[in-house]
Amino acid sequence: MGRRKLIPAAAALAAGAALTLAATPASAQPQTPSPTPAPAALAASAADRLVGSAGTSSLLRRADGDALKRTGVVQGTRGLQYVTYARTFKGLPVVGGDVVVTTDAAGTVKDTAVAQTAPIAVGTTATVSAARAAATARARLAEVDTAAAPQLKVLAWGAPKLVYESVVAGRTAQGRPSHLHVFVDARTGKVVDQVDDVREGTGNGYYYGTVTINTSGSGSSYSMTDPTRPGLKCGGQNGSAYTGTDDVWGNGSGTNLETACVDAMWGAQREIDMLAAWFNRNGIQGNGSNPPIRVGLNDVNAYWNGSYVNFGHNQANTRQATPIDVVGHELGHAVFQYTPGGAGSGNENGGINESTGDIFGALTEAYANSPLDPPDYSVGEEVDLVGDGPIRYMYNPSLAGDPNCWSTSIPSTEVHSAAGPLNHWFYLVAEGTAPTDGQPASPTCNSSSVTGISIRKAGEIYYNAMQAKTSTWKYANIRTATLNAAKNLYPNSCTEFNTVKAAWNAISVPAQSGEATCTGTPSNDFSLSVSPASGSVAAGSSATTTVATATTAGSAQTVTLSASGLPSGATATFSPASVTSGSSSTLTIATSASTPSGTYAVTVTGTGSATHTATYTLTVTGGPGGGCSGTNGTDVSIPDAGPAVTSTITISGCGRNGSATSTVAVNIRHTYRGDLVVDLVAPDGTSYRLKNSSLFDGADNVIATYTVNLSAKAGDGAWKLQVRDVYSQDTGSIDTWTLTL
């Protein structure tokens, strides 16, 4: 019988075992209302249901062998939540299989983004050795410092393929640093794609004068390490933070590296503060952490390498490349990497990454608003890298030879130039074609006019769109994501949405199938709340709460108030009974001496152009208890095999304000007590598993008492207590009885 113990009747461990069921409505005792789940929990639950539903397989490009694992919940602005998932296929990680589900604060699914374009249908056995893949990857760099062991994965950027991913670090043939992810086809041995974590940028060493930066230390020992922004520090090429005997740093010289760290630290701290204040983001990496900074790179360059940012100097070597827009640009690459989808592949995606750096540089410069470097949309305007002034112009990319408009040639355009159209789009959303704040006019590709909505709103929309980013993002995907973000962030206005759409049209990114729309004027709407949300009174007394309303869309309207769910003997009055949205009313609930003790959920309803509700939890003490009685049911026997035996217990007179206990003996013969399970089945079919007991009396009897909360279920109907031996040979021995309120 496998693990089954055959126990003689004379020595049965559970002979005559007693099982006591106490059915206690929650209203028998005052309870504190359960707190509303946090938005992140609601988002995760809703997204998990969507991902787990069989009906979404086509939407999510799922195949047999797929598994999606939730990797995080990112909080956006205005209550939006972004739930991220990573995919595996038959146990192998999938690069490009990522999924993002967007919800609002209430857990309502708004959008879904999927990186894959087709379900996976590949074999999982490699015909190329890992050693051969490693050698192929190393050959992609002129100098290799480190190389990680290849890992077998599925690459789903385009047609899915079985690949080895190898990560090699070193320098390119041009002498530039590289941290390269190489994807080698595991069947042919050919390189099918590669992604470099090193994202290059340029800037100047403009000195911001005397500024305050956060450092650490005391007495005569200090470090350029920020104690309030975890991970942020600045130092030389060895990765260690600069230290000193006092907390005074730099000398104002363009060639002094401590001075470069002052500029870099000040700029990074402004960017981190901007992300928190404007976009509700916790640090560059989104989890409170921030990358370190290095200065003194012997190169006319600056870059992000996937782990830290590194700054060199201008061509004349007279200043370091650490002005705020360059610092913001490089850390913008880090934000791109640490948002869903990470850093993708290809020139178009690389151009988007470069433009993201420019966008965050402009946002940081605007937030800092330094009189020594007034906010603008030129990139590196003061570095004069090679004597030509700014390296990019967001308001008119063609001034630096970059395209203003998207075209089918963008996927084959060098990444810094491929950033041009997105930079142009961002400027049009922020400032429009004819700004009135002193910023320059901007041309369009369709001769249209666009009215800007401010750099902060433009940044908020782009940042929230990034939370729905996948590893295969292209310009078309950003159009869809930003339109969704504008609609979700500003549900009661079409102004922001229309500007975003007009800007995409103005740079020639075509409309996408199924993209969001926003038409007409939003209808009037309001919100409803109660404060306090709960109260306790003695029977015969009254409780009061304030019912507040607010206009959330359109114009103010008349809201009529009512209450339901009152206990017997209680009445509710509102003063006044109707309010104009934006005003308040006082709700008074008067109880009588006959109002039963208990806790009641009173629903407050506001009716206008829409209907909204709020819950007030009323606890009554000192009233009738509404006691009830119970009768014991027939003993239930579970033999090794045999027909089910049914026993009935009747609980009467409980209502919602009492409790009763009934006892049933469960007699188990010749079986293993570990296979005994007890389930309580509600009238709607919901099953509650009751734990097995390990308590014994002196006669080797199992003693178990279970308390069942009935407050969340209708009192009427048959409650079934189901006692089973779940071992396969005894599946026919299912015994039930009915509990009726």
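In the predicted model, α5 (347–368) and β20 (378–379) each contribute at least two residues to the lining of the second largest cavity; helices (H or I, at least four residues) and strands (E, at least two) are DSSP runs, numbered from the N terminus. Residues are numbered from 1 along each chain as its sequence is written, and side-chain values use heavy atoms, with hydrogens and water left out. Because the model is predicted, local features need pLDDT of at least 70 and side-chain atom pairs count only at pLDDT 80 or more, whereas totals for chains, interfaces and linings use all residues.

The structure holds 3 cavities of 30 Å³ or more. A cavity is a set of points, on a 1 Å grid over the protein atoms alone, where a 1.4 Å probe fits but cannot get out, and lining residues have an atom within 4 Å of a point. Grid points are joined across faces, edges and corners, and a volume is the space filled by probe spheres set on the points. For the second largest cavity this volume is about 50 Å³. Its lining consists of Asp325, Asp358, Gly361, Ala362, Glu365, Asp376, Tyr377, Ser378, Val379 and Met394. The greatest contribution to this lining comes from α5, with 4 residues. By class, the lining of the second largest cavity comprises 4 nonpolar, 2 polar and 4 charged residues, where Ala, Val, Leu, Ile, Met, Phe, Trp, Tyr, Cys and Pro count as nonpolar, Asp, Glu, Lys and Arg as charged, and the others, Gly among them, as polar.

With a disulfide defined as a pair of cysteine sulfur atoms within 2.5 Å, the count comes to 3 disulfides. Cysteine 234 and cysteine 261 form one of them, with their sulfur atoms 1.9 Å apart. The torsion about the S-S bond of this pair is about -80°, so the disulfide is left-handed. The pair links distant parts of the chain, 27 residues apart, with cysteine 234 in strand β15 (residues 234–235) and cysteine 261 in helix α3 (residues 257–279). Cysteine 234 and cysteine 261 are both buried, where buried means under 20% relative accessible area, exposed over 50%, and partly exposed in between (1.4 Å probe, protein chains only).

A disulfide also joins cysteine 405 and cysteine 445, whose sulfur atoms are 1.8 Å apart. This link is left-handed, because the torsion about its S-S bond is about -100°. Cysteine 405 is partly exposed at 26% relative accessibility, and cysteine 445 is partly exposed at 27%. Serine 447 is placed in the loop between α7 (420–430) and α8 (455–466). This serine 447 is exposed, with a relative accessible area of 71%.

Cysteine 494 and cysteine 518 form a disulfide with sulfur atoms 2.1 Å apart, and the link is left-handed, with -85° about the S-S bond. Cysteine 494 lies in the loop between α9 (475–489) and α10 (495–506) and cysteine 518 in the loop between α10 and β22 (525–531), so the pair ties together parts 24 residues apart in sequence. Cysteine 494 counts as buried, at 13% relative accessibility.

An open sheet of 5 strands has the order β23-β30-β29-β25-β27, with mixed pairing; two strands pair if DSSP finds at least two bridges between them. Strands β29 (residues 598–607) and β30 (residues 611–621) pair in the antiparallel sense over 10 bridges.

Definitions and conventions
On a 1 Å grid over the protein atoms alone, a cavity is a set of points where a 1.4 Å probe fits but cannot get out, and a pocket is an open set with protein on both sides within 12 Å along at least five of seven lines; lining residues have an atom within 4 Å of a point.
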